[in-house]
Amino acid sequence: MSIPNEALQKLVQEIETQAINAQREINVVKTSIMSKQRDIRMLELTSTEVKQLSNDTKAYEGVGKMFVFTPVDRVEKRLASEKSELKSDISNLNKKLHYLETTHKNSREHIDQIFRSGGR
């Protein structure tokens, strides 16, 4: 039993579209991961600098167009929480990346299988 050429062509186009979309999303996710890793490195550097300050040092954080006095320990806590949020985001993005890579691989395998079978 063979599949009509029109149906086979439509099936291949759908699978190809799925593979292209997965590849596009893979690139977006990889860029997001790299961006978040860069943010983590910046937070770590900032945290290292803040930890070197004594507790009586005045620290100010930007709020809109003004700066507000913030104790050093609160700044350290904020940096730590932002870092943990970014690590959680990276973990979720890695899961999404794995899913997308699997989807892309499966789409390519299905296309190869269709061409090898010759539409039979």
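I take contact to mean heavy atoms within 4.5 Å. The model I am examining is predicted.

**Entry 1: Thr103**

With that cut-off I looked up the partners of Thr103. Setting aside residues up to four places away in sequence, I find that Thr103 touches Gln18 and Ala22. I place Thr103 in helix α2, which covers residues 72–117. Is Thr103 buried or exposed? Buried means under 20% relative accessible area; Thr103 has 15% relative accessibility and therefore counts as buried.

**Entry 2: Ile15**

Which residues does Ile15 contact, leaving aside its neighbours within four places in sequence? I list Ser107, His110, Ile111 and Ile114. I also checked the separation of Ile15 from Glu109: the two are 94 residues apart along the chain, and their C-alpha atoms are separated by 9.9 Å.

**Entry 3: Nonpolar cores**

I then looked up the largest nonpolar core, which has 15 residues. Within this core, Val29, Ile33, Val50, Val75, Leu79 and Leu97 touch the most other members. I note α1 and α2 as the elements that give two or more residues to this core. Which element gives the most to this core? I find that α2 does, with 8 residues.

Not counting residues up to four places away in sequence, Val75 touches Val50, Ala59, Glu61 and Thr70. I also find a second, separate core of 5 residues, including Leu8, Val12, Ile111 and Ile114. Of these, Ile111 and Ile114 are already in my notes as contacts of Ile15.

**Entry 4: The hairpin**

How many bridges join β1 to β2? I count 5 bridges, and the strands, β2 being residues 66–70, run antiparallel. I describe β1 and β2 as a hairpin with 2 residues between them. In the turn, Gly64 has a positive phi of about 65 degrees. I note that Gly62 stands opposite Phe67 in β2.

Tyr60 has its place in β1, residues 59–63.

How values were computed:
Residues numbered from 1 in each chain as written. Predicted model: local features only at pLDDT ≥ 70, side-chain atom pairs only at ≥ 80, totals over all residues. Heavy atoms only, no water. Helix = DSSP H or I, 4+ residues; strand = E, 2+ residues; numbered from the N terminus. Buried < 20%, exposed > 50% of the residue type's maximum accessible area, 1.4 Å probe, protein only. Core = buried A, V, L, I, M, F, W, Y, C linked by side-chain atoms within 4.5 Å. Pairing = 2+ DSSP bridges.
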